[in-house]
Amino acid sequence: MKKPLLKELWEKLWKRPTAKWLLGIPMGAFLFLGLGAGGLLTFNVSMQMTNSNEFCVGCHIGMDTVVEEYRESIHYKNVHGLSASCADCHVPEPFLEKMETKIRSGIKDVYKKYWVKDINLENFESEHRLRLAEHVWKTMDEQKSSTCMKCHDVAKMDKDKQPGRAARRHDPVFWEESGKSCIDCHTGIAHKRPFVQN
Ligand code: HEC
Ligand code: HEC
Ligand code: HEC
Ligand code: HEC
């Protein structure tokens, strides 16, 4: 009986080649290497694209006012010409946390933007801002403000130049004891701080 075509192809793929320049490596190995490299490249490109400001801005502008506020903030424009991107603050660096953020908010945000469509410029401030901000505060608190520390390093802060009350609070020993991180003390640093009633 004749072998099924696919099986025959598969076997051919893994046969050691006789041509010397192939070094005895089966064609299959080259094929898989190629597929792997292609996949990795696609993965890296999509990771970078989804970390760009254009990607975030495209969805948020016209829906809420965070982009406009960010562009007026010190994290967009300052004397040093050093800008923090949306993803710098909102997407954590460690691989698993990054993937979780991208997948979870990716699915939810696309669903909400194109299906639910409940947020708009009229109701953002009154109905949605506080809820979303609280989610960000909670997330950053859980991550111990790790995204802030991509850029800010307390060890390198010139404490002598900071006001006394800041220098004391920028001591890692104090954080250990109090369980606090940047976001506990610094909010509204890129967008308008939502009104919170105490
Ligand atoms: C497909 C459209 C879309 C894109 C692209 C998008 N967002 Fe959003 N985003 C939304 C929607 C819709 C919500 C509101 C979700 C809700 O109501 O819970 C939201 C909520 C948020 C929130 C608040 C809730 C939270 O996750 O803590 C943050 C922060 C945020 N987006 C940041 C970003 C950043 C940073 C990027 C780019 C890396 C981005 N978004 C790209 C649509 C989008
Ligand atoms: C991409 C780098 C980067 C990231 C990420 C970043 N910052 Fe900054 N931050 C800066 C720069 C640059 C300045 C402006 C320094 C200046 O001009 O004085 C700044 C300024 C500040 C200031 C001083 C504000 C003022 O009005 O003087 C605070 C507070 C601050 N950042 C907190 C944070 C917190 C909290 C986070 C995380 C949510 C964060 N930063 C994330 C780069 C960054
Ligand atoms: C326990 C509270 C607390 C924590 C935690 C904290 N800060 Fe501060 N920070 C302050 C206070 C208070 C000031 C004084 C200025 C002010 O009134 O906002 C300050 C000032 C600053 C300034 C401005 C310094 C200057 O003199 O211009 C920066 C930048 C800053 N903090 C960044 C951070 C970052 C980044 C983190 C996390 C790595 C952090 N802080 C954690 C309380 C804190
Ligand atoms: C320097 C860090 C930083 C940068 C840069 C930044 N954000 Fe935020 N973002 C925050 C913090 C902190 C909050 C929590 C609310 C607050 O304290 O202002 C927040 C809150 C939000 C929210 C919830 C609604 C609200 O107003 O609180 C959205 C949506 C959001 N950011 C999207 C973005 C987008 C889109 C960009 C880029 C155009 C961006 N952020 C850039 C730190 C940042």
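Histidine 128 touches Asp118, Ile119 and Asn123, leaving aside residues up to four places away in sequence; contact means heavy atoms within 4.5 Å. The structure is a predicted model, in which local features need pLDDT of at least 70, side-chain atom pairs count only at pLDDT 80 or more, and totals for chains, interfaces and linings use all residues. Residues are numbered from 1 along each chain as its sequence is written, chains are lettered from A and ligands numbered from 1 in the order in which they are written, and side-chain values use heavy atoms, with hydrogens and water left out.

Histidine 128 lies in helix α7. Helices (H or I, at least four residues) are DSSP runs, numbered from the N terminus. Histidine 128 is buried, because its relative accessible area is 7%, and buried means under 20% (1.4 Å probe, protein chains only).

Helix α7 (124-142) also supplies residues to the shell around ligand 4. Its share is the largest, at seven residues. Helices α4 (66-72) and α5 (86-90) each supply at least two.

Ligand 4 has 22 residues around it, each with a heavy atom within 4 Å. Cys86, Cys89, His90, Gly188 and His191 come nearest. The shell divides into 14 nonpolar, seven polar and one charged residue. Gly counts as polar, Cys as nonpolar and Arg as charged.

Polar contacts, pairs of N or O atoms within 3.5 Å, link side chains to the ligand. A polar side-chain atom of histidine 90 lies 2.8 Å from a nitrogen atom of ligand 4. For histidine 191, a side-chain N or O atom is 2.8 Å from a ligand 4 nitrogen. Arginine 129 places a polar side-chain atom 2.8 Å from an oxygen atom of ligand 4.

Methods. A polar contact is a pair of N or O atoms within 3.5 Å; within protein, one must be able to donate a hydrogen and the other to accept it, and residues adjacent in sequence count only if both atoms are side-chain atoms. Buried means under 20% relative accessible area, exposed over 50%, partly exposed in between (1.4 Å probe, protein chains only).
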